[in-house]
Amino acid sequence: MSKEHRSLMMRANRLMGAALVEHNLVKIEDLDGANERLLKIVAQG
């Protein structure tokens with residue numbers, strides 16, 4: 001994944017996660033876990 005695409009994906013993910021937490025659809029702890037998992041997947045290519 002190109003650096004440009006990775007940056008865009010991470011920004012979109014942060015915005016979506018913040019909206020989900022704000023509307024009480026997910027807990028911040030669950031969001032943190034999901035973000036860690038996403039980073040691992042992206043790092044693997």
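Does Glu36 count as buried or exposed, and at what relative accessibility? At 51% relative accessibility, Glu36 counts as exposed, where exposed means over 50% relative accessible area, buried under 20% and partly exposed in between, with a 1.4 Å probe and protein chains only. The model is predicted, so that local features need pLDDT of at least 70 and side-chain atom pairs count only at pLDDT 80 or more, while totals for chains, interfaces and linings use all residues. Residues are numbered from 1 along each chain as its sequence is written, and side-chain values use heavy atoms, with hydrogens and water left out.

**Overall architecture**

- The protein chain has two helices and zero strands, both kinds of element being DSSP runs numbered from the N terminus (H or I, at least four residues, for helices; E, at least two, for strands).
- The C-alpha trace of the protein chain spans about 35 × 15 × 10 Å along its principal axes, and of its 45 residues 13% count as buried.

**Charge**

- The protein chain carries 7 positive and 6 negative side chains, and the centres of the two sets lie 7 Å apart; Lys and Arg count as positive and Asp and Glu as negative, without His and the chain ends, and each charge is placed at NZ of Lys, CZ of Arg, CG of Asp or CD of Glu.

**Helix residues**

- Asn13 has its place in helix H1 (residues 3-22) and is buried, with a relative accessible area of 17%.
- Leaving aside residues up to four places away in sequence, Asn13 touches Asn35 and Leu38, contact meaning heavy atoms within 4.5 Å.
- Gly33 belongs to helix H2 (residues 28-44) and is partly exposed at a relative accessible area of 36%; Gly33 and Gly17 are 16 residues apart in sequence and 11 Å apart in space, C-alpha to C-alpha.

**The loop between H1 and H2**

- Asn24 lies in this loop and is exposed, with a relative accessible area of 69%; its phi is near 55°, a positive value in a residue other than glycine.
- Lys27 also lies in the loop between H1 and H2 and is exposed, with a relative accessible area of 57%.
- Between Lys27 and Gly17 the separation is 10 residues in sequence and 9.7 Å in space, C-alpha to C-alpha.
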